[in-house]
Amino acid sequence: MNKTKIALLVLLASLLTAGSTAAAVWWGLKPKEATEAEPPKPSPDYRYVSLDKVLVMLRGRQGESVTHYMAVDLVFKALPENERRTKDHLPLLRTVAVKAMSSYSVDAATAMTVDQLADELNRAYTDAYAAEHREAPFAEALIGKLIIE
């Protein structure tokens, strides 16, 4: 064999190696198709525990003699095994909600959205359970009804 044929064979082998490497990289990086995707995990079956008529007196405007109130119905999303514990904790949950919401003025409370108020309540519950070194028996507190007068 002459040097030209050997050089062509080496070049051909290099091209085949580079091509197969590129194909392997492409195959590994291509997005998975829907048939290859993992099936979605089922969401847990939650139970909902309600705490109705949490009444809070809001701070009024400076110099105002009229009292303002907030009435909230809360719903706690709990796993079935924690439903009983959540019901047992309702007095504590009411106390934490009143403490958290009574710090607001009527202007601040009316300026908040329901989602913002729910976030503040969830933060207060997280802090209260962390202070007691306990785990909350529910996943999330939701607002079922909100009235501000």
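Two strands pair if DSSP finds at least two bridges between them. Helices (H or I, at least four residues) and strands (E, at least two) are DSSP runs, numbered from the N terminus. The model is predicted: local features need pLDDT of at least 70, side-chain atom pairs count only at pLDDT 80 or more, and totals for chains, interfaces and linings use all residues. Residues are numbered from 1 along each chain as its sequence is written, and side-chain values use heavy atoms, with hydrogens and water left out.

**View 1. Overall fold: five helices and three strands make up the protein.** From the N terminus, the elements follow the order α-β-β-α-α-α-α-β. The protein has 149 residues, of which 26% count as buried (under 20% relative accessible area; exposed is over 50%, partly exposed in between; 1.4 Å probe, protein chains only). Take contacts (heavy atoms within 4.5 Å) between residues at least 6 apart in sequence: 71% join residues at least 24 apart.

**View 2. The sheet: three strands form an open sheet in the order β1-β2-β3.** The pairing is antiparallel. β1 and β3 are the edge strands, each pairing on one side only. Direction ignored, neighbouring strands are turned by 20 degrees against each other on average. Axes here are lines fitted to C-alpha atoms, for helices over the stretch in contact; angles run from 0 to 180 degrees between N-to-C directions. Strands of a sheet pair through backbone hydrogen bonds, either parallel or antiparallel.

**View 3. The β1-β2 pairing: the two strands pair in the antiparallel sense over 10 bridges.** M57 has Y69 in β2 as its bridge partner. L58 stands opposite H68 in β2. Eight of the 11 residues of β2 are buried, so β2 is largely enclosed by the rest of the structure.

View 4. K77 lies in strand β2 and stands opposite E140 in β3. Relative accessibility at K77 is 19%, so K77 counts as buried. Leaving aside neighbours within four places in sequence, K77 is in contact with Y46, R47, Y48, F138, A139 and E140.

**View 5. Helices on the sheet: α3 lies across β1 and β2.** α3 runs at about 40 degrees to β1. α5 packs on the sheet and touches β2 and β3. The direction of α5 makes about 130 degrees with that of β3.

**View 6. Helix α5: its buried residues are L117, A118, L121, N122, A124, Y125 and Y129.** Seen down the axis of α5, these buried residues fall within an arc of 160 degrees, so they line one face of the helix. The arc is that of the directions from the helix axis to the C-beta atoms. The buried residues pack against β2, α3 and β3. On the other side of α5, D115, T126 and A131 are exposed. At 1.5 Å a residue, the 18 residues of α5 should span 26 Å, and the end C-alpha atoms are 26 Å apart, which agrees. The expected span is 1.5 Å times one less than the number of residues. Just after α5, H133 takes a positive phi of about 55 degrees.

**View 7. A118: this residue has its place in helix α5.** A118 is buried, with a relative accessible area of 12%. Not counting residues up to four places away in sequence, A118 touches A141 and I143. A118 and L74 are 44 residues apart in sequence and 9.2 Å apart in space, C-alpha to C-alpha.

**View 8. The nonpolar core: the largest one has 28 residues.** Such a core is a set of buried Ala, Val, Leu, Ile, Met, Phe, Trp, Tyr and Cys residues joined through side-chain atoms within 4.5 Å. M70, L74, F76, L93, M101, Y125 and F138 have the most contacts inside the core. β1 (47-58), β2 (68-78), α3 (90-101), α4 (106-111), α5 (114-131) and β3 (140-148) each supply at least two residues. α5 gives the most, with six residues. Y125 touches L74, F76, L93, V96, A97, F138 and A141, not counting residues up to four places away in sequence.

**View 9. M112: this residue lies in the loop between α4 and α5.** Relative accessibility at M112 is 19%, so M112 counts as buried. Leaving aside neighbours within four places in sequence, M112 is in contact with Y104, L117 and E120.
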